[in-house]
Amino acid sequence: MAIGRSAVMAPVPSKLYSDDVSLLMVLLDTNPFFWSTASIPFSKFLSHVLAFLNSILLINQFNQVVVIATGCNSCNFIFDSSSVPANPNLENGRMPALCSNLLQKLEEFVTGDEKLSKEVLAAGIGSSLLSGSLSMALCYIQRVFRTGPLHPQPRILCLQGSPDGPEQYVAVMNAIFSAQRSMVPIDSCVLGAQHSAFLQQASYITGGVYLKPQQLDGLFQYLSTVFATDLHSRRFLQLPKPAGVDFRASCFCHKNTIDMGYICSVCLSIFCKHHKKCSTCGRKRQSSLEG
């Protein structure tokens with residue numbers, strides 16, 4: 001049984017958006033495995049991100065920014081501009097209150113995630129909980145959709161450095177197709193040495209932008225020129241397009257990325273080797289799958 005590389009889903013009814021007002025959901029990778037070996041310090045990366053978030057809020061006074069921290073074992077909301085006063089006072093004459101609130105909650109999150117990740121650190125697993133943060137972002141967006149007939153234009157920006165976690169394949173793909181059906185583009189800014197097959201597929205399927213910056217020292221320039229534009233303005237710009245997309249799937253038995261395998265005709269579980277019985281649904285026969 002052959003399957004297509006991208007699923008065609010029926011579009012949902014059009015939503016009414018508030019002109020160029022944006023709701024930006026930022027997924028911030030805080031995985032200590034990646035940042036301990038990254039070419040840019042986490043503190044410097046954070047300074048680029050804070051400048052970018054401030055620029056988004058300055059472009060339009062009605063823009064909203066929500067930041068979700070993505071750790072090894074947990075993810076959580078650390079900033080929501082809708083809960084911050086419109087004109088925050090300066091603290092010590094240097095940093096706006098919104099930045100200090102974000103940094104404080106980020107520090108608390110990282111400390112808590114490290115406590116949960118002691119066993120993971122010993123095992124040497126380097127992926128972050130991308131599936132969880134994507135699900136939280138989509139739930140938040142659905143809540144915004146239900147607040148009234150007029151909505152800001154939502155989009156998700158993944159700032160990801162950690163490698164893909166094959167064990168999250170099903171959950172990540174479910175989140176991607178949910179975003180596609182809700183017409184929510186997923187933008188991806190990959191900071192690691194390798195491309196992310198998950199985020200390549202996410203941006204391709206949802207109509208977002210995928211970018212892997214060559215010089216992380218100029219990260220703010222990449223963020224401001226590529227990801228700061230609202231969805232209405234993007235149609236007038238020539239934004240980066242990926243040279244290719246890795247559509248390979250991960251097997252359910254060993255969580256490895258495969259080019260060819262076997263798929264259950266009942267539950268669509270994917271396996272790298274033939275099994276007489278599907279371990280997911282109990283089906284006794286499986287069909288071949290070509291990558």
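**Entry 1: ground rules.** I am working with a predicted model, in which local features need pLDDT of at least 70, side-chain atom pairs count only at pLDDT 80 or more, and totals for chains, interfaces and linings use all residues. Residues are numbered from 1 along each chain as its sequence is written, and side-chain values use heavy atoms, with hydrogens and water left out.

**Entry 2: D113.** I looked up what the side chain of D113 touches. It reaches the backbone nitrogen of N73 at 3.3 Å. The side chain of D113 also makes a polar contact with the side chain of S74, at 2.7 Å. For a polar contact I took a pair of N or O atoms within 3.5 Å; within protein, one must be able to donate a hydrogen and the other to accept it, and residues adjacent in sequence count only if both atoms are side-chain atoms.
I placed D113 in helix 3, residues 97-116. Helices here are DSSP runs of H or I with at least four residues, strands are runs of E with at least two, and both are numbered from the N terminus.
D113 counts as buried because its relative accessibility is 3%; buried means under 20% relative accessible area, exposed over 50%, and partly exposed in between, with a 1.4 Å probe and protein chains only.
Leaving aside neighbours within four places in sequence, I found D113 in contact (heavy atoms within 4.5 Å) with G71, C72, N73 and S74.

**Entry 3: aromatic pairs.** How many aromatic pairs does a search of the whole structure find? I got 6. Rings of Phe, Tyr and Trp (its six-membered ring) pair if their centres lie within 6.5 Å; planes under 30 degrees apart count as stacked, over 60 as edge-to-face and the rest as tilted.
One of the pairs is W35 with F45, which is tilted, at 4.6 Å centre to centre and 35° between the planes. W35 lies in helix 1 (residues 32-35) and F45 in helix 2 (residues 42-59), so this pair ties together parts 10 residues apart in sequence. Both W35 and F45 are buried.
I also noted Y169 with F198, a tilted pair at 6.2 Å centre to centre and 40° between the planes. Y169 is in helix 6 (residues 169-181) and F198 in helix 7 (residues 197-206), so the pair ties together parts 29 residues apart in sequence. Y169 is buried at a relative accessible area of 13%, and F198 is buried at 6%.
F34, W35, F42 and F45 form one aromatic cluster.

**Entry 4: helix 6 and its partners.** I checked helix 7 against helix 6 and got an angle of about 20°, with the axes 9 Å apart. Axes are lines fitted to C-alpha atoms, for helices over the stretch in contact, and angles run from 0 to 180 degrees between N-to-C directions.
Helix 6 and helix 7 are therefore roughly parallel to each other; angles under 35 degrees count as such, over 145 as roughly antiparallel, 65 to 115 as roughly perpendicular and the rest as oblique.
Residues of helix 6 that meet helix 7 include Y169, V172 and M173, and F198 is among those on the helix 7 side.
For helix 5 (residues 130-145) and helix 6, the axes come within 9 Å and cross at roughly 25°. That makes helix 5 roughly parallel to helix 6. Here S131, L134 and L138 in helix 5 meet A171, V172, A175, S178 and A179 in helix 6.
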